[in-house]
Amino acid sequence: MTPPRLTGGDALVRALKAHGADLVFGIPGTHNLGIYRALAEHDVKHVTPRHEQGAGFAADGYARVTGKPGICLTTSGPAVLNAMTAVTQSYSDSVPVLLISPGMPLRHPGRGNGTLHEVRHQSVAMEAVIGYSNRVQSVAEIPLAVAQAFAHMTSGRPRPAHLEIPLDLIDALDNVSEVAPVLVAHPPADAVTIAAAAGRLTTATRPGMIIGGGAKGAAEQITTLAERLGAPVVATANGKGVFSERHPLSIGAGLHHKAVAEFVAECDAVLAIGTELASTDLWNGPLKFPGDLIRIDVDPAQMITNALPDYRLVGDAEATVTALNQRLGKGNPGPEAAKRAERWHRLFTKHARTQGAPWLPLVEALKEVLAPGAIIAGDSAMVCYYGTLSNLPLEGPASFLYPTGFGTLGYGLPAAIGAKMGAPNRQVVALHGDGGIMFTLPELATAAQERLPLPVIIADNGGYGEIRREMVDRSEPVHGVNLPGVDFVKVAKGLNCHGLTVDDEDRFATALRKALSADRPTVIHVIGDLAGA
């Protein structure tokens, strides 16, 4: 049978649907209109953010909570470069996001000729940053290119991908054959190493566990393993919630605390699952492992980066932890395990509350109001990494969406939009400082257009508070960090959202409850002591 004759836009959208993509975040432009025609004809849900960076962050948030690749569609040139920051954050935090854009025509002069949105070596630039970019050469190739991109994003360590379609191919016609999705296996580590690691864990008298973002798919298995070993558990920022922080064996989330270093030093065996053990989690320096270190990671190169393990379990976290559980049997840690975990939890909490003291009233209100399974989409803001990370207990994978590695500003609001679109039945809250929210503030209009019951909390400390603090610590002039106040309530109402200003814990809690069931987003502008100002 002769394959159907399709445009490049039709071929792309059909291939996306074949791979389970039912939601696209993007902004139409002159060069991608053929794709938009196909989206409408094939009834694919589309959300229009107000900036391409917002589209990328929303796709990232969607991917984190669903486990499916998020789709970001832009036009060429400046739009792709606007989205580059977002997909680089996805690369840093191992999130599968597919960025799709037009490119210059197939026979475009290599040195350029002033075509609209022209940028030199667009695909090469993207590949240099995120490691994967494919510029297709024909309409017929598009389904194959989509299948290859999805295979890249969903095998091994999740990473973003960029697919560039020359603009003259989008409306061009050709015979196009379907390419079925690649079924990707997620194998465990090799049996010999698993057996050796299980043997070491069985003999450990003071075991411990560190859980990272790469463990998100193994939450149930990790809980079983921790209980069998009687191992206290600490989580990274991206691993927060994978192991319920209300579990008796949970120490907390945040590797930078002194208590974590002391805990690891006390352990005779530490099992680290899906974590880079990187400086973005370990602000105060690398951990020292006087006992044995066992690492589980799907990335062989990461396995020996930042810390050299005694046992190297290269494999999928869920499959590998399942195999460990089978080797270990039921286990019998006894009551002393819970007492040990409680002792470390108390010390961890003392450090966390001291560091997060200015934001504790706000955190306590969040704790009171939010239901189990709630999602915090946070920005790189003091209220998040000092206040919420280590002081607000969460449970469930992808409960804390945070731009850990790349450390972008403006992430929280658009990521919250993507998260709410991907998990409509979970409570989702965006949490920002007054500096970072200005990077993506127009996305309030996107959330309003989608009628999302989304609380957007802005903790206002009068500018870039962290940089101000660092200037003071260096005994240097405080310069360029104090920002004039913004009437965020007026901005919110102008963008068709609700908005109010609060300065005490009770009013904040009441506002948060209402916002979680409102008919549109609600900006909660937090000022004074409640904001840590």
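Just after helix α3, G67 takes a positive phi of about 80 degrees. The model is predicted, with local features requiring pLDDT of at least 70 and side-chain atom pairs counted only at pLDDT 80 or more, while totals for chains, interfaces and linings use all residues. Residues are numbered from 1 along each chain as its sequence is written, and side-chain values use heavy atoms, with hydrogens and water left out.

Helices (H or I, at least four residues) and strands (E, at least two) are DSSP runs numbered from the N terminus. Helix α3 comprises 15 residues (52–66), and its end C-alpha atoms are 21 Å apart. Of the 15 residues of α3, 14 are buried, where buried means under 20% relative accessible area, exposed over 50% and partly exposed in between (1.4 Å probe, protein chains only).

In the loop between α3 and β4 (70–73) lies P69, which is buried at a relative accessible area of 12%. Leaving aside neighbours within four places in sequence, P69 is in contact (heavy atoms within 4.5 Å) with Y62, A63, P96, F150, M153 and T154. The C-alpha atoms of P69 and G20 are separated by 9.2 Å, the two residues being 49 residues apart along the chain.

Positive phi values in residues other than glycine were also examined. A398 has a phi near 55 degrees and is located in the loop between α15 (382–388) and β16 (400–401); its relative accessible area of 6% makes A398 buried. For R451, phi is likewise near 55 degrees. R451 is placed in the loop between α18 (443–449) and β18 (455–459) and, at 41% relative accessibility, counts as partly exposed.

Methods
Expected span 1.5 Å × (residues − 1).
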